[in-house]
Amino acid sequence: MGSVAVAVASMLFAGGCRSLAVPAAARALRVSRAVLSYRQNKQAPSWCCRSSHNSYTALADESECSTTDAGNLTATSSSDSFPNYDRLLPCPSHKTPPRIEHLVVTEGGPVLEHICKALDLPPLYVSDLIQFGAVYYALVCPQPPPNATEEQIRIFKEVTEPSVLRKRASIKGKTVREAQKTFRVIHVDQFVEPGTYLRVHVHPKRFPRCYEIDWKSRIIAVAESYVVLDKPAGTSVGGTTDNIEESCATFATRALGMTTPLITTHQIDNCTEGCVVLARTKEYCSVFHGKIREKKVKKLYLALAASPLPTGIISHYMRPINMAPRLISEEFIKGWHLCRLEVIECRKVPWPTTAVQDKYCIEDCGWPSQDYAYECKINLLTGRTHQIRAQFAACRAPLIGDSMYMPAAIADISNPGLNPFGKYKKDFSSESEKETAVMNWISQHGKEPSVAIGLQACQISWDDDEHFYQAGSPWWRS
């Protein structure tokens, strides 16, 4: 192999995207198609190679990042244990396990046609997937993981052979790493050339709550450069990896009759309600991001906690791993992110009635005393993901309905020392013992709430209150 080929090969096997699969099974067509499916679970992905008679695999387990719903599916299952596919709308209320397919194109043509043939899906369903943003492509397929089989590695080498890549004009001037970057497919007739990698989220995560909301009534303000929305709980601000259709930005755009889509400027959790700023232009989106970086944006929250908290500033340190649950420590740990919030006031209120909890799908997470709750007003000083939820739970005052963090708080109360980063943490004799304790602590947490928790972004302001907006009453006051 020449020096150029060696360089290309070394680039191919350096880095790569861990979360993407590599083609691993040939489809029995005149021109074979390499198709890979993988099975994802809560521990780690495993790789599954299928014969030409069954080129896909059900993803039977749910995880925080990929828990998904089916589209408009009939009750009858196919012989491959998949339901019959029709359309993604109307949105179903039930969930089905994730299904993510990984394909490599060996015969050029329209992307819709290739997916329909490779996965035996109806054209209208695939068209819906593309509209939802659930189909991605890359010019070159990603590197296989360390646990890939010999067959998977063989196919990867075959489609990424340097002599093959040199013949592709579409990747001329790009490094292989650049050519492996994925982009959304946005047109059903987009041409895909041989060697193109496709990732298809066949069961995108769904948000049925979007269709229950009077979106126009949730608009707080419409300005020249932005819109302020009182986001309902159980919805996504800007969408997910596999669903940009069922989002606050999309539905608010339609409610206002705008022709240009609104743009997300910041995020709050799906289970949180309250103030969200959506930009009307890319320019203002950039401006607002700058205000956030310069700490010119002030956010106040209302939290409904199961126990009281003292007023004042609460500080923790959050593990720098982008995965739920978010682990936090009371003591400084090098590399962990500082989390600070100020409890401005905390008042005793009645625990929400069963009727109110049922109306907003609040989950009963087993808190032992449900006579009174505590409404806290919070000034969020740092904006970490799940920060309020994780910090309140660490203080043994989890938020009502928080099915992820309340079970861990209950476990910590009943078994002090269980939390390896808590006030009563134990001393460990070895790193392996500590790692076991960390994994056990993670297992005490539950799943992400399905709709709402006791948390509202009640107020947002910027430029020294020149722009000041408040949300309506939180669900627990209804």
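Reply: What follows is a close look at one helix, then a loop and some ring contacts.

This is a predicted model: local features need pLDDT of at least 70, side-chain atom pairs count only at pLDDT 80 or more, and totals for chains, interfaces and linings use all residues. Residues are numbered from 1 along each chain as its sequence is written, and side-chain values use heavy atoms, with hydrogens and water left out.

Start with helix 7, residues 248-255. Helices (H or I, at least four residues) and strands (E, at least two) are DSSP runs, numbered from the N terminus. Six of the eight residues of helix 7 are buried, so the rest of the structure largely encloses this helix. Buried means under 20% relative accessible area, exposed means over 50%, and partly exposed lies in between (1.4 Å probe, protein chains only). The buried residues are Cys248, Ala249, Thr250, Phe251, Ala252 and Thr253.

What do they pack against? Their partners are strand 12 (219-222), strand 13 (226-231), strand 14 (263-264) and strand 15 (273-279).

Phe251 has a charge over its ring: the charged end of arginine 254 sits 5.5 Å from the ring centre. The rule is NZ of Lys or CZ of Arg within 6 Å of the ring centre and within 35 degrees of the ring normal. Just after helix 7, glycine 257 takes a positive phi of about 65°.

Now go back along the chain. Serine 236 lies in the loop between strand 13 and helix 7. Serine 236 is buried, at 2% relative accessible area. A polar atom of its side chain lies 2.8 Å from the backbone nitrogen of glycine 239. Leave aside neighbours within four places in sequence, and serine 236 is in contact (heavy atoms within 4.5 Å) with Phe207, Ser247, Cys248 and Asn270. Cys248 is also one of the buried residues of helix 7.

Last, the aromatic rings. Rings of Phe, Tyr and Trp (its six-membered ring) pair if their centres lie within 6.5 Å; planes under 30 degrees apart count as stacked, over 60 as edge-to-face and the rest as tilted. By this rule there are 14 aromatic pairs. Take tyrosine 137 and phenylalanine 183: their ring centres are 6.0 Å apart and their planes are at 35°, so the pair is tilted. Tyrosine 137 is in strand 8 (residues 135-138) and phenylalanine 183 in strand 9 (residues 183-184), so this pair links distant parts of the chain, 46 residues apart. Elsewhere, Tyr226, Tyr284, Phe288, Trp462 and Tyr469 form one aromatic cluster.

Definitions and conventions
Polar contact = N/O pair within 3.5 Å; in protein donor to acceptor, adjacent residues only side chain to side chain.
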